[in-house]
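I went from one chain to the contact between chains, then to single residues.

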Amino acid sequence: MADKDVRETTVIGAETRISGEVRGDEDLVVRGRIDGRVQLTETLTVEAGGVVQADIEVKNLVVSGVVVGNVVASASVKLLAKARVIGDVTAPRFTMEEGAAYKGRVEMGEGEAARALEKRASRSVETPRQAPRLAAPARAAAAAPRHAAPPRVAAAPVARPALPRPETAAGVAPAWAKKKLRRR
Amino acid sequence: MAKDKDRPMGNTVIGSSIVIDGEITGEEPLTILGTVKGKIVVAQNLTVEPGATVEANVEAQSLTVSGRVTGNVTVRERVELRSDAKMVGDVKSPRVVIADGASFKGNVDMDV
């Protein structure tokens, strides 16, 4: 569609706010606000007046506005004079102009970004708060326990494997029983 | 920002490779070329360009669709489904225009 226009730019205007997740393969300019998570293979520019409160994963980050959140950039991070940034930054190159305000930890150097991404991927089970979606009722239905826990009746031991499992037994058993178990 | 100054469209533009999962709220025109899932509330015109996909409930002043919209739409002025539009969902708007070639499945409520 946009063949002639080699690289598009996405703009979040000053009067627009996004809460949730933004992903993409093009430049993104924020004059408004994003809360949640941003993942781009290109450059994220937070202009003066723009606010991004999110975990950020980009190639380049240029900030003149406000950023709160951890940043992993595969190429560079630039904090311009009016930037206000709170959060850890991992990037091969990190520059800060006079006038910029920053609080956080910086890790520079090749490979750091990749490492940080790996680390983040391994623990990113927690998703940022999800905005309401179309499929919410269906999702809720799917999330509901499909089978209620079977009532614990006398039949339970029959269903259980006959193998004794000392470690779990020790975990559940009262102190006196534990002592016995240990003696065994 | 030399790149976007010649854009004839609104102040907020979601480019074609962008995927947004969540909620967009705004007081200015919004143009979508990419994908938005969740919810959109804008006080101005919302334009869904050809190639764009919107899977969201939409509230807007007016809505112009050339792409694909799935979701319920509440608009204060006018909904226009252009000839490339593909829309599934209920539309509530005082004025609705559906061009020849547009595909639409859902209820229309024009408050009559």
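**Chain A, overall**

I looked up burial first: of the 184 residues in chain A, 31% are buried. I count a residue as buried if 20 or more other C-beta atoms lie within 10 Å of its own, as exposed if 12 or fewer do, and as partly exposed in between, with C-beta atoms placed from the backbone. The model is predicted, so I note that local features need pLDDT of at least 70 and side-chain atom pairs count only at pLDDT 80 or more, while totals for chains, interfaces and linings use all residues. Residues are numbered from 1 along each chain as its sequence is written, and chains are lettered from A and ligands numbered from 1 in the order in which they are written.

For secondary structure I found five helices and 13 strands in chain A. These are DSSP runs numbered from the N terminus, helices being H or I of at least four residues and strands E of at least two. I then checked contacts, meaning pairs whose C-beta atoms, placed from the backbone, lie within 7 Å. In chain A, among contacts between residues at least 6 apart in sequence, 7% join residues at least 24 apart.

**Where A meets B**

I listed the residues in the contact: 26 come from chain A and 32 from chain B. On the side of chain A that touches chain B, strand S1 (9-12) and strand S2 (16-24) each supply at least two residues. S2(A) gives the most to that side, with nine residues. By class, I read 10 nonpolar, eight polar and eight charged residues on the side of chain A. Here Ala, Val, Leu, Ile, Met, Phe, Trp, Tyr, Cys and Pro are nonpolar, Asp, Glu, Lys and Arg are charged, and the others, Gly among them, are polar.

Next I followed S2(A) across to chain B, where eight bridges join it to strand S2 (residues 19-26), running antiparallel. For pairing, DSSP must find at least two bridges between two strands.

**Two residues of chain B**

I found B:Asn11 in the segment before strand S1 (12-14) of chain B. B:Asn11 is buried because it has 21 C-beta neighbours inside 10 Å. Leaving out residues up to four places away in sequence, B:Asn11 touches A:Val11, A:Gly13, B:Glu28 and B:Pro29. B:Glu28 is 17 residues from B:Asn11 along the chain, with 6.5 Å between their C-alpha atoms.

I placed B:Leu30 in strand S3 (residues 30-32) of chain B. B:Leu30 is buried because 30 C-beta neighbours fall inside 10 Å. From B:Leu30 to B:Val42, 12 residues apart in sequence, I read 7.4 Å, C-alpha to C-alpha.

Terms used
Contact = placed C-beta atoms within 7 Å.
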